Amino acid sequence: MSAFCKSARSAYSCGAETITLASLLLSIGCSDAEPGAATSTASGGQLTAGAGGSAPSTGGTNGGAVASAGADPVVGGSLGGTESSGGSSGADANGGDTAGSGGNLAGNAGSGGGSTAPACTLTHAQGVTQLTLMSGGLQRKVRLFVPKTYDGATRLPLLLNLHGSSDNADNFAKSSQMEQVADNEGFVVAGLEAVAGQWNVPPADGAPDDVKYGSEAIDLVASQVCIDTARVYASGFSGGGRMSSRLGCLLPEKITAIGPVAGVRWPAPCTGRPLPVIAIHGLGDTTNAYAGEGPEHPRWNESVEEAVLGWATKDGCNPKPTVDDPPGPISVYSYGQCQGGVSVKLMRMDGVDHAYPTGTPLHAAREVWGFVKAFSMP
């Protein structure tokens with residue numbers, strides 16, 4: 001050991017200061033051990049280095065590691081391989097590997113710690129691709145749209161787009177214009193398709209399990225393109241709006257927010273985290289009546305306002321909405337003070353029948369995306 005190292009070691013000789021100094025000495029190459037075999041343990045964390053090798057952490061108080069002897073943590077970068085500041089939980093060392101000269105530094109999650117999402121490298125063509133999956137013994141279709149901004153590495157939000165009754169995914173992609181919005185805004189769209197055009201909502205025995213299909217479709221898309229699983233949304237029109245309501249109710253661990261158009265329902269009981277909701281509905285709708293059709297019609301029993309209030313109550317919002325009713329056909333009912341920082345909103349279109357508007361009096365796809373994109377899974 002050099003005279004400098006001996007002098008530095010003699011400056012402190014007890015307790016935590018020795019541990020801290022030991023880390024510093026290792027980082028500048030002062031060690032009692034031979035190069036290539038330096039190890040030291042401090043308060044449950046491990047400092048390990050080998051010549052030209054790596055310095056992994058296994059949790060503990062520091063939750064990180066310092067490389068030495070050929071894996072200098074300073075040379076080769078602005079920080080190069082500083083100790084992890086993961087704390088007592090043994091969390092990641094700054095979320096991943098930090099390269100030094102000839103080695104790397106990696107902090108592994110310990111008890112109570114967490115790790116960041118791994119880097120994504122999934123090459124995929126932009127535009128439309130038709131996917132299939134087996135769900136509940138049935139072959140199901142997924143129309144996948146990847147925007148022009150996709151680079152194969154950046155994780156993008158995903159929106160499930162659900163067609164109305166008797167329609168299909170390809171037609172609804174065109175009529176909703178959701179894919180044009182996605183191309184401009186930079187998110188992925190998965191157009192789901194009901195068996196024979198009819199979603200199983202309210203659920204009937206013996207009918208396809210569309211909740212399972214929706215969950216598996218999310219997994220399938222995430223295996224094909226880089227998806228931010230904290231930002232997965234569901235929207236749909238009419239029967240697809242009812243289905244998006246059910247997905248939000250039963251898949252709160254996967255669905256971040258929903259935006260049903262002419263189809264919002266409150267499919268109680270719904271548990272789990274507070275869920276942001278935007279509903280768009282025409283006051284003149286004669287198919288899914290704004291006022292509801294009563295308990296003898298399970299498909300459309302409650303009114304639109306009752307369904308929205310159901311979500312607001314579940315989310316712990318102030319039950320009295322703020323109403324913005326300027327001159328013109330659009331009235332907005334906003335529920336605030338909700339739990340988890342979410343919000344619930346109803347956009348009512350006066351004089352509009354059963355329709356998915358794409359410009360008059362509003363553009364539904366843009367309104368839905370403008371609302372849901374503000375929310376991320378906690």
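Is the link of Cys-317 and Cys-338 left-handed or right-handed? Keep that in mind as you look through this predicted model; here are some notes to guide you.

1. The link of Cys-317 and Cys-338 is right-handed, with 105° about the S-S bond. Cys-317 sits in the loop between α7 (304-314) and β13 (322-324), while Cys-338 sits in the loop between β14 (330-335) and β15 (344-349), so the pair links distant parts of the chain, 21 residues apart. The two sulfur atoms of this disulfide are 2.0 Å apart, and both Cys-317 and Cys-338 are buried.

2. How many disulfides does a search of the whole structure find? There are 3. If the word is new to you, a disulfide is a covalent bond between the sulfur atoms of two cysteines.

3. Next, find Cys-120 and Cys-226, which form a disulfide with their sulfur atoms 2.0 Å apart. This link is left-handed, at -90° about the S-S bond. Cys-120 belongs to the loop between β5 (104-107) and β6 (127-135), and Cys-226 to the loop between α5 (210-224) and β10 (227-237), so the bond ties together parts that are 106 residues apart in sequence. Cys-120 has a relative accessible area of 9% and therefore counts as buried; Cys-226, at 0%, is buried too.

4. Cys-249 and Cys-270 are also joined by a disulfide, with an S to S distance of 2.0 Å. Here Cys-249 is part of helix α6 (residues 239-250) and Cys-270 is in the loop between β11 (257-261) and β12 (277-282), so parts 21 residues apart in sequence are tied together. The link is left-handed, with -110° about the S-S bond, and both cysteines are buried.

5. Now for a pair of helices. Helix α4 (residues 178-185) packs with helix α8 (residues 364-372) at an angle of about 45°, and their axes are 9 Å apart. The two are therefore oblique to each other, and α4 passes α8 in a right-handed crossing.

6. Which residues meet there? From α4 come Met-178, Val-181 and Glu-185, and from α8 come Ala-365, Arg-366 and Trp-369. Sorted by class, this contact has 4 nonpolar, no polar and 2 charged residues.

7. Finally, take a look at Glu-185, which lies in helix α4. Its relative accessibility is 41%, so Glu-185 counts as partly exposed. Leaving aside residues up to four places away in sequence, Glu-185 touches Trp-369 and Lys-373. Glu-185 and Pro-147 are 38 residues apart in sequence, and their C-alpha atoms are 8.4 Å apart in space.

Technical notes. Residues numbered from 1 in each chain as written. Predicted model: local features only at pLDDT ≥ 70, side-chain atom pairs only at ≥ 80, totals over all residues. Heavy atoms only, no water. Axes fitted to C-alpha atoms, helices over the stretch in contact; angles between N-to-C directions. Helix = DSSP H or I, 4+ residues; strand = E, 2+ residues; numbered from the N terminus. Parallel < 35°, antiparallel > 145°, perpendicular 65-115°, else oblique. Left-handed = near helix turned anticlockwise from the far one by under 90°. Contact = heavy atoms within 4.5 Å. Nonpolar A, V, L, I, M, F, W, Y, C, P; charged D, E, K, R; others polar. Buried < 20%, exposed > 50% of the residue type's maximum accessible area, 1.4 Å probe, protein only. Disulfide = S-S within 2.5 Å.
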